[in-house]
Amino acid sequence: MVTTQDMASRDDVRAGIVAAATQLLREKGANAVTTRAVGQAAGVQAPTIYRLFGDKDGLMDAVAEHVMASYVSGKSAVDVGTGDPVEDLRSGWRAHVEFGLTNPELYALIAARGSRAPSAATVAGLDVLRRRVRRLAAAGLLRVDEQRALMMIHSAGNGTILALLGMPADKRDHGLGEAMLDAVLNSILSTTPATPDTSTNAVAVTFATVLPELPGLTDAERALMAEWLHRSLTHPT
């Protein structure tokens, strides 16, 4: 029978291993994070690591999730907004780029997940971005649908960080992040926050944002209206 004390002890051991691996990764790079080195740093034997994480990949996923969880928690804590959805998005973008450049080994580890399912922390990070994009849509500022805007910002942010990490630190173009964000915003925004666009697409995007909260409609009616809006927004002009 597993007691509460046993579970707490297991969680403590697991947390200690993740902390040791994270410190090794930050100080010495990914190649230094071996099960032997992590075991020595955490004061455990290799079988304990395999029992808790399955293999080294499982351990590295846990490290990535731990770091991302801490980062996402910090973003969420300050995600109160300035009242300007565009400026809020800029603030989040700058924080994300700073995180990547400050934690190159960790960011490369997160980016190397490939086709594997993203960690819960990565999904949470996307949810933070999704909320910022939703505020743009609600303000009538998007000329593309929310999902397209989300993926354009997400892809551009990751690409910018990886491109900068691929350069020597003293050769990096420190204006690249802002230039990339401006390019994306020029593609997805219909106008400035002060003058919401009344073009057909901007109105449709805004309407799609508030559709789930419209009173007096059945779920079937909302689904049908959402289908019409999606068809209109994705129809080539």
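Ala-202 counts as buried because its relative accessibility is 1%, where buried means under 20% relative accessible area, exposed over 50% and partly exposed in between (1.4 Å probe, protein chains only). Before going on, note that this is a predicted model, with residues numbered from 1 along each chain as its sequence is written. Local features need pLDDT of at least 70, side-chain atom pairs count only at pLDDT 80 or more, totals for chains, interfaces and linings use all residues, and side-chain values use heavy atoms, leaving out hydrogens and water.

Back to Ala-202: this residue sits in helix H10 (residues 200-210). Helices here are DSSP runs (H or I, at least four residues), numbered from the N terminus. The C-alpha atom of Ala-202 is 5.7 Å from that of Leu-142, although the two are 60 residues apart along the chain.

Leu-142 turns up again in the largest nonpolar core, which has 51 residues. Such a core is a set of buried Ala, Val, Leu, Ile, Met, Phe, Trp, Tyr and Cys residues joined through side-chain atoms within 4.5 Å. Val-63, Leu-142 and Ile-188 have the most contacts inside this core, and helix H4 (residues 56-77) gives the most to it, with 8 residues. Leaving aside residues up to four places away in sequence, Ile-188 touches Leu-141, Leu-142, Arg-143, Val-144, Ala-149, Met-152 and Ile-153; contact means heavy atoms within 4.5 Å.

Now for two helix pairs. Axes are lines fitted to C-alpha atoms, for helices over the stretch in contact, and angles run from 0 to 180 degrees between N-to-C directions.

| Helix pair | Axis angle | Axis distance |
|---|---|---|
| H10 and H11 (residues 219-234) | roughly 150° | within 10 Å |
| H5 (residues 85-102) and H9 (residues 176-188) | about 140° | 11 Å |

On the H10 side, Asn-201, Ala-204, Val-205, Phe-207 and Ala-208 make the contact, with Met-225, Leu-229 and Leu-233 on H11. By class that's 7 nonpolar, 1 polar and no charged residues, with Ala, Val, Leu, Ile, Met, Phe, Trp, Tyr, Cys and Pro taken as nonpolar, Asp, Glu, Lys and Arg as charged, and the others, Gly among them, as polar.

H5 and H9, in turn, come out as oblique to each other. Val-86, Leu-89, Arg-90, Trp-93 and Arg-94 of H5 meet Gly-177, Glu-178, Met-180, Leu-181, Asp-182 and Leu-185 of H9. This contact divides into 6 nonpolar, 1 polar and 4 charged residues.

Methods:
Helix = DSSP H or I, 4+ residues; strand = E, 2+ residues; numbered from the N terminus. Parallel < 35°, antiparallel > 145°, perpendicular 65-115°, else oblique.
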